Amino acid sequence: MSYDLYDTNGYVAPLATVGGLRQLRQFADRRNLYNLQGFLEKGAALITEIFIRELEDIKGASKEVQATIDNLLNALKGKAELAVFVVDGVHNEK
């Protein structure tokens with residue numbers, strides 16, 4: 001099972017596996033990454049420059065967590081201020 005990103009225009013990119021998303025959540029909680037925590041808790045967020053900067057400034061993540069952060073950053077570039085949703089990839093109709 002995996003999670004994908006969608007915005008108001010539809011599918012954006014793959015995000016992470018269930019395990020990868022869980023590791024990202026634990027990392028965000030340990031580091032008190034407020035914007036990332038909110039995104040992961042709600043499954044959606046307004047993508048702002050502050051949120052992007054928070055992700056870009058992350059240092060010291062494990063290889064797996066950094067891969068998920070990189071996926072998220074790459075998917076969000078150019079998507080500023082659009083809501084992005086984490087969706088269970090099992091129901092994806094690609």
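This is a predicted model: local features need pLDDT of at least 70, side-chain atom pairs count only at pLDDT 80 or more; totals for chains, interfaces and linings use all residues.
**View 1. The elements of the chain and their order.**

**View 2. The overall dimensions of the chain.** The C-alpha trace extends over about 35 × 25 × 20 Å when it is laid along its principal axes. A compact globule of 94 residues would have a radius of gyration near 12 Å, and because the chain itself has 12 Å, the two values agree.

**View 3. The pairing of strand β1 with strand β4.** Strand β1, which covers residues 2-7, runs antiparallel to strand β4, which covers residues 83-88, and four bridges join the two. Within this pairing, tyrosine 6 stands opposite phenylalanine 85 of β4.

**View 4. The pairing of strand β3 with strand β4.** Strand β3, made up of residues 44-46, pairs with β4 in the antiparallel sense over three bridges. Here alanine 44 is the residue that stands opposite phenylalanine 85 in β4, and tyrosine 6 also stands opposite phenylalanine 85. In a regular strand, side chains alternate between the two faces of the sheet.

**View 5. The interior, the contacts and the surface.** Of the 94 residues in the chain, 39% are buried. When contacts between residues at least 6 apart in sequence are considered, 61% of them join residues at least 24 apart. The chain exposes about 5600 Å², and carbon and sulfur atoms supply 50% of this area. The chain carries 11 positive and 13 negative charges, whose mean positions are 5 Å apart.

Definitions and conventions: Residues are numbered from 1 along each chain as its sequence is written. Side-chain values use heavy atoms; hydrogens and water are left out. The radius of gyration is taken over C-alpha atoms; the globule rule is 2.2 Å times the number of residues to the power 0.38. Buried means under 20% relative accessible area, exposed over 50%, partly exposed in between (1.4 Å probe, protein chains only). Contact means heavy atoms within 4.5 Å. Accessible areas come from the Shrake-Rupley method with a 1.4 Å probe; for residues, only the protein chains shown count as cover. Lys and Arg count as positive and Asp and Glu as negative; His and the chain ends are not counted. The place of a charge is taken as NZ of Lys, CZ of Arg, CG of Asp or CD of Glu. Two strands pair if DSSP finds at least two bridges between them.
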